[in-house]
Amino acid sequence: MTETPTQPGEPVSVAPVVAPAAAPTNAPAEGAACAVCGAVNDPGASFCEECGADISAGAGHPASAPPQTAPAGEESPLDVGWTGPVVPQSGPAPADALCTACGIGHIVDGYCDHCGTPPPDPRNHVVVPAATWVGGVSDIGRRHSRNEDAIAVGAGEAPGSRAVLVVCDGVSMATDSHLASLAAAQAAKAVLDRPFPQGVGTPDAWAAGAARAFTEAVERANEAVAATVDDDVPNPPSCTFAAAVVENGAVVSGTLGDSRVYWLPDRDEEPARQLGTDDSFAQEQMAAGVPREEAENGPQAHSITRWLGRDSPDDLTPHLTTLPAGEGWLMVCSDGLWNYCSDAGELRELVRARARAGATTDPTELAGALVDFANEQGGRDNITVALARLAGRGSAPALPTAGATDVTTESAPGLDGGSDSTAPTTPVARTVTGTTDPAGAGTRDAPGPGVATDASAGPQSTAATTAATSGAAATAAREEDPTHG
């Protein structure tokens with residue numbers, strides 16, 4: 001009870017104790033139980049001797065309990081009206097949370113009342129522990145002002161049962177590409193979450209169904225990217241696409257752009273490999289015989305030739321690969337990781353070393369360790385890593401296929417489930433740009449006509465424009481937003 005405050009030295013008046021009135025004539029009969037607490041009271045009692053409830057009106061009409069006034073978490077069963085302990089609820093941080101930037105002020109109306117800094121964007125570091133055998137991490141890196149990568153991961157509880165891993169990398173010089181990558185990743189996962197159709201139950205029918213599912217996933221992702229802006233803008237949102245699905249003891253992957261899928265088997269005699277190929281200027285150079293290290297460290301290393309978005313090329317058929325799910329690691333990542341470790345064999349050794357150093361085989365923890373590795377190397381781009389730990393035979397139902405097959409846009413199963421069909425890719429340059437090139441010594445230049453730009457690494461030159469002259473219309477030049485890299 002709150003008392004009326006008094007002046008110092010002034011006596012406090014206390015109300016005299018009033019004797020209880022005579023019991024009303026309608027008092028409960030001898031042995032009547034309190035309707036609130038169930039205690040049996042003496043004959044003629046007006047109030048329950050245990051809880052104080054008014055019982056003069058009869059057991060069926062308990063008095064209203066006074067409101068609970070104890071601080072949350074400090075309630076006691078002795079408090080009248082106690083309904084049990086208050087369980088703290090999870091949710092947004094309180095409005096007066098301590099500012100992580102200055103450590104002095106508090107967040108008020110979305111900004112620090114001391115330094116004016118807003119709270120960190122939760123997308124700056126995203127951890128997705130989908131299951132004990134599948135997980136991923138996406139991080140802003142060390143050079144960017146926002147994370148334009150996106151990750152969407154899901155998995156069944158049983159190891160090796162079914163999993164979907166999607167990574168999309170937004171083109172930083174395009175408008176709102178952080179929205180594009182997130183929309184694409186979520187739309188693609190929604191399609192790939194559905195089990196592949198079995199058809200007539202033959203290996204070819206299953207593979208054709210998987211190809212159709214990946215093609216639809218890319219189409220839906222492209223529509224989602226286009227829908228992120230209502231009006232025409234000079235540089236519409238755009239992103240890359242990489243995904244892998246584990247189903248029926250097999251791995252199916254699809255890529256478009258330069259985000260990658262790797263298979264890193266446990267057995268040394270089985271080679272580690274990149275599944276599919278990049279749509280990039282560096283890939284064109286490697287196809288022409290330029291060594292990987294030279295091509296991926298050149299000034300146009302991250303010029304991509306296909307992407308998702310309103311101004312995407314007409315051909316969006318993904319590079320598809322199917323192989324049995326043996327023992328090893330399945331990885332889907334953005335170039336923020338493979339910039340620093342591109343070769344599949346070297347990447348396998350990196351994964352092993354990080355697993356030993358952390359004494360872990362948990363995919364989410366290992367993905368975080370690989371993100372840490374990329375940041376240790378400079379973190380010049382956003383970094384996203386999704387991992388699935390596969391245990392080979394016995395971890396999932398047997399695959400009704402005979403062996404591994406590689407299917408790309410140059411030789412893909414027909415969407416009608418028939419024979420292979422040719423789907424040539426028309427190269428159109430879209431240049432990925434960052435603060436430094438993969439060798440660590442580049443500067444950023446504005447792209448020339450026909451070149452659009454993404455945030456990763458490497459200076460630009462007019463060489464990428466040459467790659468854009470294979471019959472496709474060139475896109476407008478894009479200048480990099482300095483706040484994005």
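Is Glu223 buried, partly exposed or exposed, and what is its relative accessibility? Glu223 is partly exposed at 46%, where buried means under 20% relative accessible area, exposed over 50%, and partly exposed in between (1.4 Å probe, protein chains only).

A note on the model: this is a predicted one, where local features need pLDDT of at least 70, side-chain atom pairs count only at pLDDT 80 or more, and totals for chains, interfaces and linings use all residues. Residues are numbered from 1 along each chain as its sequence is written, and side-chain values use heavy atoms, leaving out hydrogens and water.

**View 1. Glu223 pairs up with Arg220 in a salt bridge.** The N to O distance is 2.8 Å; a salt bridge here is a side-chain nitrogen of Lys or Arg within 4 Å of a carboxyl oxygen of Asp or Glu. The two sit three residues apart in helix α2 (residues 203–226), so about one helical turn separates them (helices are DSSP runs of H or I, at least four residues, and strands runs of E, at least two, numbered from the N terminus). Arg220 is partly exposed, at 28%.

**View 2. Arg310 meets Asp232 in a salt bridge.** Here N and O are 3.3 Å apart. Arg310 lies in the loop between β13 (308–309) and β14 (319–324), and Asp232 in the loop between α2 and β7 (238–239), so the pair ties together parts 78 residues apart in sequence. Asp232 is exposed at 74%, while Arg310 is partly exposed at 35%.

**View 3. Lys189 bridges to Asp193.** Their closest N and O atoms are 2.9 Å apart. Lys189 is buried at 19%; Asp193 is partly exposed at 36%.
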